[in-house]
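Please take a look at the structure below.

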Amino acid sequence: MLSILGVLGGTGGLAVIATVVVQRGKFKADAADTLTDAALTLVQPLRTRVAELEEAALLARAQLDSAREQEQQLRATVWDLRRTLERWRGAILAPDATLRRIRALVQEGEDRRGR
């Protein structure tokens, strides 16, 4: 009789152990699903923000390129104007300077600019 109870108890014990093992595996899977869902919930706003920042960076680069181009144009204009002023200054301060020569020099500069 004891051996029968032992076998039934042993079988029941095995069933309990098997149930616990199965439940434990299910619990791990549920925990993994919950963690995955939480991670995706946190990652999605970050992905959206990164995309927004990448777009803003592209816009900033385009604006920077435009500003650099404008700076180069301004430098060229300033260099040209400085050269013109130095020429005029030289003509004005020349020992043999005349009003006619200065006017001719100024007119020549305006003709080159297309005015």
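## Lining of the largest pocket

The lining of the largest pocket in this predicted model divides into three nonpolar, two polar and seven charged residues. The space in the largest pocket is about 190 Å³. Twelve residues line the pocket, and those closest to its centre are Asp80, Thr84, Arg87, Gly109 and Arg113.

Two elements each give two or more residues to this lining: helix H1 (2-93) and helix H2 (99-113). H1 gives the most, with seven residues.

## The chain as a whole

The protein chain has two helices and zero strands. It holds 115 residues, and 3% of them count as buried. Here, buried means under 20% relative accessible area.

The accessible surface of the protein chain comes to about 10300 Å². Carbon and sulfur atoms account for 64% of that surface.

The structure holds five salt bridges. One of them joins the side chains of Arg83 and Asp80, at 3.2 Å from N to O. Asp80 is also among the residues closest to the centre of the largest pocket.

Arg83 and Asp80 both lie in helix H1. They are three residues apart, about one turn of the helix. How exposed are the two partners? Arg83 has 35% relative accessibility, so it counts as partly exposed. Asp80 has 23%, so it too counts as partly exposed.

Glu71 forms a salt bridge with Arg75. The closest N and O atoms are 2.9 Å apart. Both residues belong to helix H1. They are four residues apart, so about one helical turn separates them. Glu71 is partly exposed, with a relative accessible area of 38%. Arg75 has a relative accessible area of 56%, so it is exposed. The cut-off for exposed is over 50%.

Glu52 pairs with Arg49 in another salt bridge. Here the closest N and O atoms are 3.3 Å apart. Glu52 and Arg49 are three residues apart in helix H1, so about one helical turn lies between them. Glu52 is partly exposed at 41% relative accessibility. Arg49 is partly exposed as well, at 46%.

Technical notes. Residues are numbered from 1 along each chain as its sequence is written. This is a predicted model: local features need pLDDT of at least 70, side-chain atom pairs count only at pLDDT 80 or more; totals for chains, interfaces and linings use all residues. Side-chain values use heavy atoms; hydrogens and water are left out. On a 1 Å grid over the protein atoms alone, a cavity is a set of points where a 1.4 Å probe fits but cannot get out, and a pocket is an open set with protein on both sides within 12 Å along at least five of seven lines; lining residues have an atom within 4 Å of a point. Grid points are joined across faces, edges and corners, and a volume is the space filled by probe spheres set on the points. Ala, Val, Leu, Ile, Met, Phe, Trp, Tyr, Cys and Pro count as nonpolar, Asp, Glu, Lys and Arg as charged, and the others, Gly among them, as polar. Buried means under 20% relative accessible area, exposed over 50%, partly exposed in between (1.4 Å probe, protein chains only). Accessible areas come from the Shrake-Rupley method with a 1.4 Å probe; for residues, only the protein chains shown count as cover. A salt bridge is a side-chain nitrogen of Lys or Arg within 4 Å of a carboxyl oxygen of Asp or Glu.
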